[in-house]
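Visitor: I would like to learn how to read a structure like this one. Please show it first, then take me through its features.

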Amino acid sequence: MTAPLVECVPNFSEGRDRATIDALRSTITGVGGGVQLLDVQSDAAHNRSVFTFVAPPGAAVDAAFAAMCVAAQRIDLTKHSGEHPRMGATDVVPFVPVAGITMDECVPLARTLGERVGKELEIPVFLYARAATRPERVLLPDVRKGEFEGMRDRTLEPDFGPNRVHPTAGATAIGARPFLVAYNVYLDTSDVSIAKDIAKQIRTSSGGLPAVQASGFEVEGLAQVSMNLLDIDITPPTTVFGAIKALAGKRGVDVKKSEIVGLIPERAIIGAAGASLQLPDAADQTLEGEIRGAEGGGPTLDGWIDELAGGAPTPGGGSAAALAGTLAAALVAMVARLTIGKKAYAAVETRARAILAEAESLRAELRRLVDEDAAAYTGVSRAYKIPKDDPARSGAVDDALLAAARTPAEVVKRARRVHQLAAEIGAIGNKNATSDARVAGLLAGTAVDGALENIKVNVAAMSNQVQGKELLGSL
């Protein structure tokens with residue numbers, strides 16, 4: 001069974017003082033307990049540093065707290081200025097599930113750290129994202145409204161800690177969230193008004209792309225569209241880049257380059273060559289690549305297959321079904337690419353491009369579900385370990401089984417759509433790839449059948465099957 005692994009990405013309001021940045025680095029790496037510091041990105045203009053590390057859950061909390069102690073001692077917000085909005089010396093600390101742990105299991109980590117920071121460092125802590133205790137605190141910009149200066153004269157209502165900002169360390173947001181990618185696109189112009197206008201059009205709050213926060217800045221003489229992609233499985237960098245390029249083109253401006261700040265999961269850039277994002281170093285900034293490098297190498301495809309063939313219950317049939325769906329979506333994308341740009345298929349190019357975009361999105365979602373299925377099973381195992389004489393055991397087991405059934409239910413929905421796309425691209429796409437489209441359809445069908453089998457097994461094991469049968473009925 002996969003050992004639980006959490007990513008933690010604390011953002012500190014210091015991007016210029018090398019001594020402070022080095023102190024934060026040495027503190028995180030010195031905690032031990034399996035903590036692996038994967039990346040440090042410091043930006044002098046934003047005066048901010050983003051640290052990325054992975055660790056077992058308990059060690060992740062310890063490392064984050066140790067670094068926050070250093071930040072509180074060394075960073076004085078009364079003397080801080082920079083392009084990036086901020087309210088704290090440690091501005092934000094998100095926990096992100098990586099392997100063997102679910103999002104719901106990351107929420108208690110945020111609460112544990114928040115309570116400790118509020119009590120021991122006397123810094124107000126607001127829980128945000130999936131850990132938020134109020135709807136208006138889900139989004140970080142809403143929590144940070146007014147920044148440090150605007151908060152100084154207000155009485156606060158934090159989840160933990162005092163109701164006034166710390167005199168020099170301010171306040172902190174701590175939460176649990178999906179992978180967030182800090183992504184910047186530079187325009188070939190110094191006119192920042194163009195970047196601001198494009199940012200307004202693409203961000204979610206203005207009716208643009210889902211799960212996107214965006215602002216416009218001038219950085220090193222170029223207009224920059226600076227973004228947080230809040231859920232790369234909903235809106236990946238390729239979608240954002242294409243939208244910005246199109247909007248800039250309407251204004252007679254080209255894209256100069258793009259950049260990722262920190263690390264990005266491989267699934268977000270699979271199928272997107274660096275050149276298509278004007279991001280030549282993308283392969284060097286993947287989370288999985290850094291983890292493999294820190295561990296001296298990690299599981300290859302053959303290694304994953306060996307793990308599947310092993311004696312542990314995970315990965316199992318649910319993960320295999322999701323992988324079949326992932327492969328199906330990849331084949332649909334391949335056939336679409338073999339169709340686009342061919343004169344013989346000019347009449348269907350617009351539709352082929354739409355199929356490609358949807359197939360890539362489905363591929364990323366199904367790839368995520370490969371890991372989520374294994375992680376969900378850990379919850380079932382944990383519930384079954386509750387003593388049989390505990391009256392809460394039956395309910396806990398049912399809840400865990402229902403949660404484990406929801407993941408393959410998501411596989412069913414997405415794989416069915418992949419099956420439809422496979423049939424469509426097979427009918428209108430490049431005839432030389434007809435067999436590939438057929439294989440995609442077969443794999444998608446297998447993914448649906450396999451995922452349904454997993455749902456049925458989980459539902460059958462429940463003592464109260466009402467909710468499980470409702471889930472099956474919704475499919």
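Guide: What follows goes from the whole chain to single residues.

Guide: This is a predicted model, in which local features need pLDDT of at least 70, side-chain atom pairs count only at pLDDT 80 or more, and totals for chains, interfaces and linings use all residues. Residues are numbered from 1 along each chain as its sequence is written, and side-chain values use heavy atoms, with hydrogens and water left out.

Visitor: How many helices and strands are there in the chain?

Guide: Helices (H or I, at least four residues) and strands (E, at least two) are DSSP runs, numbered from the N terminus. Here the chain has 15 helices and eleven strands. Its radius of gyration is 23 Å, close to the 23 Å that the globule rule gives for 475 residues, so the chain is as compact as a globular protein of that length. That radius is taken over C-alpha atoms, and the rule is 2.2 Å times the number of residues to the power 0.38. The C-alpha trace spans about 70 × 65 × 40 Å along its principal axes.

Visitor: What percentage of the residues in the chain is buried?

Guide: Buried means under 20% relative accessible area, exposed over 50%, and partly exposed in between (1.4 Å probe, protein chains only). By that scale, 50% of the 475 residues are buried. The chain exposes about 20,500 Å², and carbon and sulfur atoms supply 52% of that area. Accessible areas come from the Shrake-Rupley method with a 1.4 Å probe; for residues, only the protein chains shown count as cover.

Visitor: What share of the contacts joins residues 24 or more positions apart?

Guide: A contact means heavy atoms within 4.5 Å. Of the contacts in the chain with a separation of 6 or more, 72% are between residues 24 or more positions apart.

Visitor: Which residues does Ser 258 touch?

Guide: Ser 258 sits in strand S11 (residues 255-261) and is buried, at a relative accessible area of 5%. Not counting residues up to four places away in sequence, Ser 258 touches Tyr 183, Asn 184, Val 185, Phe 241, Leu 277, Gln 278 and Leu 279. Sequence separation is a separate matter from distance in space: Ser 258 and Ala 322 are 64 residues apart in sequence and 31 Å apart, C-alpha to C-alpha.

Visitor: Where is Leu 475 found, and is it buried or partly exposed?

Guide: Leu 475 belongs to the segment after helix H15 (466-473). With a relative accessible area of 21%, Leu 475 is partly exposed. Leaving aside neighbours within four places in sequence, Leu 475 is in contact with Ala 409, Val 412, Lys 413, Arg 416, Leu 452 and Ile 455.

Visitor: How do I read the length of helix H11?

Guide: An α-helix has 3.6 residues a turn, so residues three or four places apart point the same way. The expected span of a helix is 1.5 Å times one less than its number of residues. Helix H11 (residues 317-339) has 23 residues and reaches 33 Å from its first C-alpha to its last, close to the 33 Å expected at 1.5 Å a residue. Just after H11, Gly 341 has a positive phi of about 90°.
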